[in-house]
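Subject: Structure for your files

Hello,

Here is the structure I said I would pass on.

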Amino acid sequence: MPYVDRQNRICGFLDIEENESSGKFLRRYFILDTQPGSLVWYMDNPQNLPISADCVGSLKLTYISKVSDATKQRPKAEYCFVINAGMRKFFLQANDQQDLVDWVNALNKATKITVPKSYDGQQNVETQKALLDNLGPKKQVSYRTDIIGGVPIITQMQQERGEGQEDSERELLQRSHNQLPYFLGRPTQDKTVIKSGYCVKQGAVMRNWKRRYFLLEENSMSYFKSDLEKDPLRIIPLKEVHKVQECKQSDIMMRDNLFEVVTTSRTFYIQADSPEEMHSWIKAVSGAIVALRGPGRSAATMRQARRLSNPCIQRYTARIGECSTLLQLYTCLRRLTSCLSLVLLPVRCLYFCLLSHRRLA
């Protein structure tokens with residue numbers, strides 16, 4: 001049975017198949033620590049090992065997509081469950097059925113990422129004002145030292161602000177402007193922001209889940225490492241999006257409030273912080289797509305319209321029309337010829353009969 005130690009970590013012994021598909025399970029001591037977000041296992045309880053002893057293996061919780069019962073996949077291994085982590089599956093064996101259930105629930109609970117609430121606009125405005133107030137102009141004072149009669153005399157001097165000082169302050173203001181959140185630092189005349197906020201997105205290669213800041217505009221949907229970044233990690237053009245819907249594989253991925261953005265090249269799996277926020281994102285993205293394409297126009301019709309609007313395609317279509325017209329004319333002539341042959345056949349028979357009658361006479 002897993003237990004919670006003094007450091008609030010979930011610990012216990014499990015058997016793990018360290019070499020995949022080997023069928024050989026080894027006894028290891030597991031520690032599930034949610035603070036660094038990792039699952040580590042040792043040869044024995046670290047308290048019984050030397051201080052310099054290192055862990056045998058480790059796994060980041062962000063790489064785990066699903067933990068479930070695997071008794072059907074490993075029928076010979078009793079009380080077996082599997083951890084799906086990217087391209088690898090870790091099969092583990094519990095002590096009994098209750099131990100299996102406890103470990104599966106604990107791992108699934110630890111791997112669910114909670115999305116923090118986005119900052120309030122008022123709080124961001126106050127942060128901006130505080131930064132600008134702290135960067136206010138400060139008067140610099142210089143001193144002049146004169147030696148009169150062997151005695152140093154220090155005199156305060158009022159110095160005008162020069163070009164170098166103005167340049168340094170301008171650079172400082174520019175640096176502070178770049179450190180502001182992206183939606184505050186952007187110019188007001190830029191594209192209209194329809195929706196923004198934090199969500200959790202699945203990676204394309206490692207299949208791990210990371211928190212990203214999403215920004216929905218009129219023509220695209222982009223995501224950033226944080227709201228302080230100015231350059232997006234990726235921009236998804238809305239014209240390439242086929243559909244946005246609640247993910248039907250949410251139970252398989254063990255993710256709540258999961259929706260998918262299906263594009264031409266990839267499907268993006270995104271987790272919101274609540275069901276309301278998930279439906280809000282789906283509605284916002286779908287509305288932006290409809291506004292971009294027009295009502296009743298799907299991605300397939302848009303591609304067909306762009307294809308037919310190509311001049312080369314139009315010339316090719318015109319030639320095909322001409323060819324089809326000639327083909328129809330040729331078909332009509334052949335039918336007419338066949339009809340004439342049918343009509344002339346009795347006349348020819350009558351002619352040959354008369355000719356043979358004259359010869360006999």
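Predicted model: local features only at pLDDT ≥ 70, side-chain atom pairs only at ≥ 80, totals over all residues.

Helix α6

Helix α6 takes in residues 275-293.

Which residues of α6 are buried? They are M278, W281, I282, A284, V285, A288, I289 and R293. Viewed down the axis of α6, the buried residues fall within an arc of 165°, so they line one face of the helix. On the face of α6 turned away from the buried side are the exposed residues E276, K283 and A291. Just after α6 comes G294, which has a positive phi of about 100°.

Strand β12 (residues 209-217) is mostly covered, with 7 of its 9 residues buried.

- β11 (residues 193-202) and β12 run antiparallel and are joined by 9 bridges. In this pairing, Q202 stands opposite W209 of β12. The hairpin of β11 and β12 has 6 residues between the strands, and R207 in that hairpin takes a positive phi near 60°.
- β13 (residues 220-224) is also antiparallel to β12, with 4 bridges between them. S222 in β13 is the bridge partner of L215. The hairpin formed by β12 and β13 has 2 residues between the strands.

Salt bridges

How many salt bridges does the model contain? The count comes to 6.

D15 and R27 form a salt bridge through their side chains, at 3.3 Å from N to O. D15 is in strand β2 (residues 10-16) and R27 is in strand β3 (residues 26-33), so the pair links parts of the chain that are 12 residues apart. D15 counts as buried because its relative accessibility is 17%, below the 20% cut-off. R27 is partly exposed, with a relative accessible area of 39%.

E17 forms a salt bridge with R74, and their closest N and O atoms are 3.2 Å apart. E17 lies in the loop between β2 and β3, while R74 lies in the loop between β6 (64-69) and β7 (80-85), so the pair ties together parts that are 57 residues apart in sequence. Is E17 buried or exposed? At 1% relative accessibility, E17 counts as buried.

The side chains of E277 and K195 meet in a salt bridge of 3.1 Å, N to O. E277 is partly exposed, with a relative accessible area of 23%, whereas K195 counts as buried at 15% relative accessibility.

Regards

How values were computed:
Residues numbered from 1 in each chain as written. Heavy atoms only, no water. Expected span 1.5 Å × (residues − 1). Buried < 20%, exposed > 50% of the residue type's maximum accessible area, 1.4 Å probe, protein only. Arc of directions from axis to C-beta. Pairing = 2+ DSSP bridges. Salt bridge = Lys/Arg side-chain N within 4 Å of Asp/Glu carboxyl O.
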